[in-house]
Amino acid sequence: MMQGHAINPHELYYLRTQKAQPKMEQSEKRLKKQLRVCVATCNRADYSKLAPIMFGIKSHPEIFDLEVVVLGSHLIDDYGNTFRMIEQDEFDIGSKLHTIVRGEDEAAMVESVGLALVKLPDVLQRLAPDILLVHGDRFDALALATAAALMNIRILHLEGGEVSGTIDDSIRHAISKLAHYHAVCTRSAERHLISMCEDHSRILLAGCPSYDKLLSAHQRDYYIDIIKSWLGDAVKEQDYIVALQHPVTTDIKNSIKIYELMLDALISFNKKTLVLFPNIDAGSKEMVRVMRRKGIEQHPNFRAVKHVPFDQFIQLVAHAGCMIGNSSCGVREAGAFGTPVINLGTRQTGRETGENVLHVRDADTHNKIYHALELQFGKRYPCSKIYGDGNAVQRILKFMQTIDLSEPLQKKFCFPSVKECISQDIDHILETQSALAVDLGGTNLRVAIISMKGKVVKKYVQLNPKTFEERIELILTMCKQAMADAVHLNCRILGVGVSTGGRVNPQDGIVLHSTKLINEWSSVDIRTPLSSALHLPVWVDNDGNCAALAERKFGHGKGIENFVTIITGTGIGGGIIQHNELIHGSTFCAAELGHIVVSLEGPECMCGSHGCIEAYSSGLALQREAKRLHDEDLLLMEGMTVNNKEQVNAIHLIDAACLGNSKAESVLHTAGTALGLGIVNILHMINPSLVILSGVLAAHYENPVRQVISQRALLSAQDTKVMVSELEDPALLGAASMVLDYTTRRTY
């Protein structure tokens with residue numbers, strides 16, 4: 001992701017600029033000369049990443065002189081003659097090199113590299129570029145980098161340092177070793193290049209150039225026309241599938257098997273599907289044969305195409321019900337829209353992915369793929385910003401302007417000693433990966449940066465505004481401030497967790513019914529505005545559930561399979577962990593523990609019922625009884641005073657009981673008994689091994705609860721442990737745990 005680093009991740013080249021300032025002033029005449037940049041594109045995929053940079057270069061003719069070289073599958077009819085889209089974008093193609101040897105097998109790939117190496121020298125010698133831009137990990141790109149390196153042409157490699165899990169890794173890393181400069185997408189990729197001994201000052205953490213288009217594309221309103229033009233008038237948004245599967249050249253036989261199983265599953269799933277032809281790697285010809293043998297091109301539910309223009313393709317992906325296959329687009333670009341993705345096989349398993357990606361690594365049966373489609377189709381996930389923030393092109397253009405052509409061309413590798421290498425110690429990782437936690441209380445709105453270890457790095461507190469709009473605006477303001485501070489605090493923000501009162505649908509991030517303490521929060525979508533504005537995944541849950549999650553990750557519940565957390569505060573709430581999972585219930589009202597009825601004729605509860613635990617044992621209930629005793633002059637003991645401006649509350653009741661006030665003692669005894677009876681009911685229903693009391697009143701209720709359990713519980717439940725929580729901020733810690741527990745990639 002693009003935020004949360006110990007140093008400003010994009011500005012190392014500015015340091016180089018400052019160091020080179022005297023040279024630049026002395027060479028003002030040289031700098032006025034245009035920088036000749038050659039962009040070489042091999043296929044439809046790399047053009048989608050290079051095109052935004054090409055447009056940026058073209059828009060600054062006073063600084064750059066753009067030369068375009070087209071080779072590879074761009075010039076093959078079977079793959080859509082995609083060079084035409086470059087011409088449609090009004091770029092002048094300086095050279096077209098036919099470099100592909102047909103055959104679509106391993107030998108043909110090697111021969112294609114050799115043919116490219118034969119043809120490239122004449123072109124590069126004629127163009128004499130100052131910089132050659134090479135993208136990615138294709139065999140064509142390896143030929144480009146090899147030729148340029150041997151001809152002493154500076155190479156800027158885009159998207160190096162990444163890991164995908166196939167032969168592409170070897171090619172990508174080989175290009176990185178040949179390249180003189182690097183523009184990477186993620187912090188992990190940057191670290192990989194540094195560990196490969198690349199010069200840190202020549203690495204730019206830019207983000208993915210295609211994200212400059214992606215992050216604005218979802219807002220455009222012409223996507224319906226695009227969907228209809230490719231899939232027919234009857235197809236609706238999020239009711240179709242995009243399928244794109246490429247061969248894995250190190251395991252071609254299994255690739256073809258997975259492709260066949262995917263097509264079988266898609267036929268059975270019976271949804272309109274756009275199938276794109278595979279790339280030109282070894283094995284693609286056999287995959288096309290499989291597609292034609294199954295009659296996909298004639299099937300009424302399928303549209304098979306060789307190429308879709310990138311601007312239209314991203315709209316189709318953005319509004320699809322699901323994307324399936326092993327294209328890098330699924331694990332990278334699709335995350336920007338929250339589109340559900342099923343990644344088949346091993347081709348992308350090394351990539352960093354968002355929550356939207358479900359991996360089916362052993363895609364060995366039709367049923368397994370079909371079940372994955374059932375799980376993913378039609379869902380929506382928070383948008384992911386792992387691969388970019390929409391500002392990659394401007395960073396890359398600035399970076400190229402800082403390249404000093406008078407510097408020696410020979411690369412220097414940085415070989416660190418073992419003791420001085422960048423720390424990969426687990427403590428370092430745990431301390432820097434962090435979450436933004438939001439606690440929406442009745443009085444205060446709190447935001448905190450919380451580390452993987454549960455340390456509250458920094459906390460922000462403001463009074464909670466009255467209206468929905470003001471609250472959302474304040475949450476965004478506080479979160480943005482925290483994200484800015486996180487950079488200086490060496491914290492990488494992974495996402496946002498929100499704890500709030502009331503009944504919550506955590507799947508959609510919606511508050512269904514709020515408590516009376518938080519007005520105007522019924523049927524409110526909290527996730528969408530936060531995720532859209534912050535470009536981070538957002539999780540939302542009830543504060544009682546968050547307290548249970550906090551105990552599971554950081555407190556007494558760590559390592560306990562079945563336990564219950566009871567919050568004793570202004571109200572009574574809680575959460576239930578059963579078999580290590582949080583229980584939400586069919587309508588998300590599980591663990592409303594404060595509304596367990598312990599008396600048929602008890603006092604009225606805020607929920608409208610009578611005799612609930614909350615009506616006896618909550619802070620509001622104790623405050624009600626304290627006021628009653630005070631009005632009857634039965635509360636205050638010797639040494640106690642309540643001035644006119646001070647509101648009588650539960651603390652006064654507890655203080656009076658401690659000083660021997662029998663009336664106050666009776667109220668607290670009733671409250672403790674009511675809570676104890678409710679917990680006995682819980683023990684008899686779900687039989688947890690541990691009960692954790694949390695909140696400001698927990699310590700006062702510990703002994704009464706234990707006593708009631710010993711007197712009223714079944715013999716088999718009387719040994720259940722009762723403990724008081726030691727966590728200071730369970731709501732914030734629980735909100736953070738929702739984020740931190742989802743930072744690892746999901747595997748199916």
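**View 1. D169 and R172 meet in a salt bridge.** In this predicted model, the side chains of D169 and R172 come together with N and O 2.7 Å apart. Where do the two residues sit along helix α8? They are 3 residues apart, which puts about one helical turn between them.

**View 2. R347 and D168 form a salt bridge.** Here the N to O distance is 3.8 Å. The two partners come from distant parts of the chain, 179 residues apart. D168 belongs to helix α8 (residues 167–178), while R347 lies in the loop between β12 (341–344) and β13 (357–360). Both R347 and D168 are buried.

**View 3. D264 and K294 join a helix to a loop.** The closest N and O atoms of this salt bridge are 2.7 Å apart. Look for D264 in helix α12 (residues 252–269), and for K294 in the loop between α13 (284–293) and β10 (302–305).

**View 4. Five residues share one network of salt bridges.** Shared partners connect K49, E159, E162, R332 and E333. Across the model, the count of salt bridges comes to 32.

**View 5. Three aromatic rings gather in a cluster.** How many aromatic pairs does the whole structure hold? A search finds 4. One of them is F269 with Y370, an edge-to-face pair with ring centres 5.6 Å apart and planes at 75 degrees. F269 lies in helix α12 and Y370 in helix α16 (residues 366–376), so this pair ties together parts that are 101 residues apart in sequence. F269 is buried, with a relative accessible area of 14%, whereas Y370 is partly exposed at 24%. F269 also pairs edge-to-face with F377, at 5.5 Å centre to centre and 70 degrees between the planes. F377 sits in the loop between α16 and α17 (392–401), so this pair brings together parts that are 108 residues apart in sequence. F377 is buried, with a relative accessible area of 17%. Together, these ring pairs link F269, Y370 and F377.

**View 6. A charge sits over a ring.** Follow the side chain of K58 to its charged end, which sits over the ring of F91. The distance to the ring centre is 5.1 Å.

Terms used
Residues numbered from 1 in each chain as written. Predicted model: local features only at pLDDT ≥ 70, side-chain atom pairs only at ≥ 80, totals over all residues. Heavy atoms only, no water. Salt bridge = Lys/Arg side-chain N within 4 Å of Asp/Glu carboxyl O. Helix = DSSP H or I, 4+ residues; strand = E, 2+ residues; numbered from the N terminus. Buried < 20%, exposed > 50% of the residue type's maximum accessible area, 1.4 Å probe, protein only. Phe/Tyr/Trp six-rings, centres within 6.5 Å; stacked < 30°, edge-to-face > 60°. Lys NZ or Arg CZ within 6 Å of the ring centre and 35° of its normal.
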